[in-house]
Amino acid sequence: IEMECRVLSVQSHVVRGYVGNKSATFPLQVLGFEVDSINSVQFSNHTGYAHWKGQVLTADELNVLYEGIKLNNVNHYDYVLTGYTRDTSFLETVVDIVQELKRLNPKLVYVCDPVMGDQGSMYVPENILPVYRDKVVAVADILTPNQFEADCYVNVMDLLHQMGPDMVVLTSTDLISPHGDQFLVALGSQKMVRADGTTSTQKIRMEMPKVDAVFVGTGDLFAAMLLAWTHHHPKDLKAACEKTVSVLHHVIKRTITYANKMAGPGKRPSPAQLELRMVQSKKDIEYPAIVVEAIVL
């Protein structure tokens, strides 16, 4: 009997499109994971559209949902995955839940995508920053900030390791690529314990071609795929990151091709046309052809 691997994913939800749980659940299920979703918000669509409506889950409501899972004794997880959160008390409750789940399963891996801001500006309230810095990082095992988010609390991957996480992947940086400004540079670092108790660190660098469009949900997909591929390659950061980034590449390429066709010649695609082509990318999610090679530093 094949043992199941179960993920608790606490992220946003949209009725139309792919962000948060909508961006993470299907790809994880395709790769064989059971996914239990708690929707931190439920919106009609992502906020990049002209209009959006919906509800926000409170910390108390999160507690009620978790209490129901606990009462039925089904609060046993292999992974926890979190993304966008605006509320400090909600995030603190998430930390409490993660700590309890880790007591139940000391091998549980917490994958945190600290969605706080980009391009020099915050898009969450600033009072949430200390919660990430002082509470979340300490319990996270895998962290996937962009450079702006990393600079907010510490700017070196080694320091992040010291604060808790064994794996840190900076999903986008301002580093200059030798191939020019049309490439995005990502960095990864994994701390591993050898049999004799000493530690070693593997660091990698990846360069991905940029696409001239605004995609929403790609960070959520990245974190979910990093969870999946590190599960399959627990001691090979290079292989895990190559497969993760390659999935992103295939999904984005299919999305921009479709969006440009729908928009027509000379027109920029709308947010609706740029929704990730997730279902259509099922085979690429399962068996990603490697298109970006990681360099071991």
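**Reading helices, sheet and cores in a predicted model**

Reader: Which residues of α3 are buried, and what covers them?

Author: The general idea is that an α-helix has 3.6 residues a turn, so residues three or four places apart point the same way. In α3 the buried residues (under 20% relative accessible area, with exposed over 50% and partly exposed in between, for a 1.4 Å probe and protein chains only) include Phe-90, Val-94, Ile-97 and Leu-101. Their cover includes β1 (6-14), β2 (34-43), α2 (59-71), β4 (79-82), β5 (109-112) and α4 (129-139).

Reader: What is the order of the strands in the open sheet, and which strands are at its edges?

Author: Strands of a sheet pair through backbone hydrogen bonds, either parallel or antiparallel; here two strands count as paired if DSSP finds at least two bridges between them. The open sheet has 10 strands in the order β3-β2-β1-β4-β5-β8-β9-β10-β11-β12, with mixed pairing. Its edge strands are β3 (54-56) and β12 (295-296), each of which pairs on one side only. Within this order, β8 and β9 are parallel over 2 bridges, and Ile-142 has Met-167 of β9 as its bridge partner. By contrast, β9 (residues 167-170) runs antiparallel to β10 (residues 183-193), joined by 4 bridges, with Val-169 partnered by Gly-188. Next, β10 pairs with β11 (residues 199-209) in the antiparallel sense over 11 bridges, and the two form a hairpin with 5 residues between them, where Gly-197 in the turn has a positive phi of about 95°.

Reader: Which residues touch the most other members of the largest nonpolar core, and which element gives the most to it?

Author: In soluble globular proteins, nonpolar side chains tend to be buried together. A nonpolar core is a set of buried Ala, Val, Leu, Ile, Met, Phe, Trp, Tyr and Cys residues joined through side-chain atoms within 4.5 Å. The largest has 47 residues, of which Leu-28, Phe-33, Tyr-79, Leu-81, Met-225 and Leu-227 touch the most other members. The element that gives the most to this core is α8, with 10 residues. A second, separate core of 34 residues includes Ile-38, Leu-101, Leu-143 and Val-168.

Reader: Is Thr-144 buried or exposed, and which side chain does Thr-144 join through a polar contact?

Author: Thr-144 lies in the loop between β8 (142-143) and α5 (147-153), and its relative accessibility is 2%, so Thr-144 counts as buried. Its side chain makes a polar contact of 3.2 Å with that of Asp-113. Such a contact is a pair of N or O atoms within 3.5 Å; within protein, one must be able to donate a hydrogen and the other to accept it, and residues adjacent in sequence count only if both atoms are side-chain atoms.

Technical notes. Residues are numbered from 1 along each chain as its sequence is written. This is a predicted model: local features need pLDDT of at least 70, side-chain atom pairs count only at pLDDT 80 or more; totals for chains, interfaces and linings use all residues. Side-chain values use heavy atoms; hydrogens and water are left out. Contact means heavy atoms within 4.5 Å.
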